[in-house]
Amino acid sequence: MQGQAKIHIIGAGPAGASAALFLAKHGIASVIIDKASFPRDKVCGDACSGKVAWVLKKLDIPNWQEFISKNDSLASWGVKFYGTKNNELRVPFKLNYKAEAELAPGFIAKRIDFDNYLISLVKKESLIELVENCSISYFRREGKTVFFGNDKLNKHFQSDIILAADGAYSYAAKCLMSSSPLEENNALGLRAYYKGVKGLDKDGFIELHFLEELLPGYFWIFPLANGEANVGLGMKSDLVKKKRINLKELFEKVVKEHPTFKDRFEHAELIDPMKLHGLPLGGHKNISDDNILLLGDAAALIDPFTGEGIGNAMISGMLAAELLIDLVPDRNFSKEALVAYDKLVYRRLANELKLSKKMQDLTSYPWLFNFIVNKARGNKELRETISCMFENVDLRKKLSNPLFYLRVLFGS
Ligand SMILES: Cc1cc2nc3c(=O)[nH]c(=O)nc-3n(C[C@H](O)[C@H](O)[C@H](O)COP(=O)(O)OP(=O)(O)OC[C@H]3O[C@@H](n4cnc5c(N)ncnc54)[C@H](O)[C@@H]3O)c2cc1C
């Protein structure tokens, strides 16, 4: 008689923590291993869309709204897009919202706090074993078993199935996937925390500034609780490499010299060193293999247009758990059985990722992008479409349809 299958999750960020929590919800035990100890920082814009709240709700966590309404989180009611001429398009996530009376669809919380909230839920679960301060430095597959661990720490594990939730530079994927992913659509981001930035939105609208020198990337200012702000920029990695751009220098130039920002940052104070991190965009072609599933950034599930990855990471954790519920009884973790995970993930996310890629491509044409921003200021249908873009894939579909632009072009 065989014992229960051993499930190990590498990485306890949003993807790994969600997978462990969904497994526990279905009575399945797992071990989750992270090189850091929590609370730990993660370079990010810290903006969580309605998708994150949706997954928390699915987990049936009592009082999950409490984190969102706590002091270290700021309700976010929308997004302000700025074209290359600083032309503003203010788009609420919800039409006719009442900020005082309702829970906002989005929120902004430093990842050190949000990820630690997820870990606090993990720690309450008796079916989850959390191992911190353990960087996995080797993986070896032998037959149907994966051996892995860290020799220096003298920590060694063996598993039937690995959930690789170890982020953008996934070592598990490198060691255990037979196909190496294309990296042509990766981006590089820089994040800085400030206090004293002028002109932050009172309803927590996030600001995306499509500056000519960054396209198809953008500069962002996201307001945080306590009057702080998460400020940063993201650019495609191939452009950074080709043009030999120093992102820190470019960032400082934007903040200190750009006519739109220099006054707003005049008395602002940098409260944490700037940090860089990669953003794998658009989804890898293969996200499973023998004994392994790739989750979150390890699967490159970041949205190419918005840069949003937390929600998709949590959804991939949920879908991995859903599949394992079926596979655990027979302990069948062959690639033929696990490929069902690719289908589950892409059935849910492929359209959305493809459309966002098209929209990312659109921003490479500043004149067209500015035109759309300007038109949208006077066109209710377009404004409402963009309004729901972060929440509703069907509406995003409209944005990729050429007929839609013809209507905008010749319509009112
Ligand atoms: C500059 C920037 C801005 C962003 N802005 C936003 C935003 O505003 N909103 C949004 O939704 N998304 C944003 N993202 C994307 C978002 O940060 C990621 O999509 C998200 O963190 C993915 O979660 P994850 O759990 O897959 O990986 P991670 O959050 O990276 O977690 C991976 C975990 O694995 C651990 N780990 C790594 N290697 C090992 C190892 N060898 N052994 C053990 N543990 C290991 C790490 O310590 C970490 O805890 C941004 C990303 C960047 C870089």
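Helices and strands here are DSSP runs, numbered from the N terminus. The model is predicted.

**Stop 1: the ligand**

Select the ligand and the residues around it. The shell holds 36 residues, and the closest are Asp34, Gly45, Ala47, Arg111 and Asp297. By type, the shell divides into 16 nonpolar, 11 polar and 9 charged residues.

Which element gives the largest share of the shell? Color strand S17, residues 269-279. S17 contributes 3 residues, the largest share. Helix H1 (14-25), strand S15 (218-223) and helix H8 (310-327) also give two or more residues each.

Start with Ala47: a backbone N or O atom lies 2.8 Å from a nitrogen atom of the ligand. Go on to Ile136. Here too a backbone N or O atom faces a ligand nitrogen, at 3.0 Å. Lys42 uses its side chain instead: a polar atom there lies 3.3 Å from an oxygen atom of the ligand. On its own the ligand has 1,000 Å² of accessible area, and the protein covers 94% of that.

**Stop 2**

Pick Leu74 and look across to S7: the bridge partner is Ile108.

**Stop 2: salt bridges**

How many salt bridges does a search of the whole structure find? The count is 18. Visit these next.

Select Asp115 and Arg40. Their closest N and O atoms are 2.8 Å apart, and the pair forms a salt bridge. Asp115 sits in helix H4 (residues 111-124), while Arg40 is in the loop between strand S2 (30-33) and S3. The two are 75 residues apart, so this pair links distant parts of the chain.

Is Asp115 buried or exposed? Asp115 has a relative accessible area of 1%. Buried means under 20%, so Asp115 counts as buried. Arg40 is at 15%, and therefore Arg40 is buried by the same cut-off.

Move to Lys80 and Asp201. This salt bridge has its closest N and O atoms 3.2 Å apart. Lys80 lies in strand S5 (residues 78-82). Asp201 lies in the loop between strand S13 (187-195) and strand S14 (206-209). The pair links distant parts of the chain, 121 residues apart. Both Lys80 and Asp201 are buried.

Next, select Glu102 and Lys94. Their side chains meet in a salt bridge at 2.2 Å, N to O. What is the exposure of Glu102? Glu102 has 29% relative accessible area, and Lys94 has 36%.

**Last stop: a network**

Select Asp41, Arg191, Asp272 and Lys275 together. Salt bridges link these four residues in a network.

Note on methods. Residues numbered from 1 in each chain as written. Predicted model: local features only at pLDDT ≥ 70, side-chain atom pairs only at ≥ 80, totals over all residues. Heavy atoms only, no water. Pairing = 2+ DSSP bridges. Helix = DSSP H or I, 4+ residues; strand = E, 2+ residues; numbered from the N terminus. Buried < 20%, exposed > 50% of the residue type's maximum accessible area, 1.4 Å probe, protein only. Near = heavy atom within 4 Å. Polar contact = N/O pair within 3.5 Å; in protein donor to acceptor, adjacent residues only side chain to side chain. Areas by Shrake-Rupley, 256 points an atom, 1.4 Å probe, with all protein chains shown as cover. Nonpolar A, V, L, I, M, F, W, Y, C, P; charged D, E, K, R; others polar.
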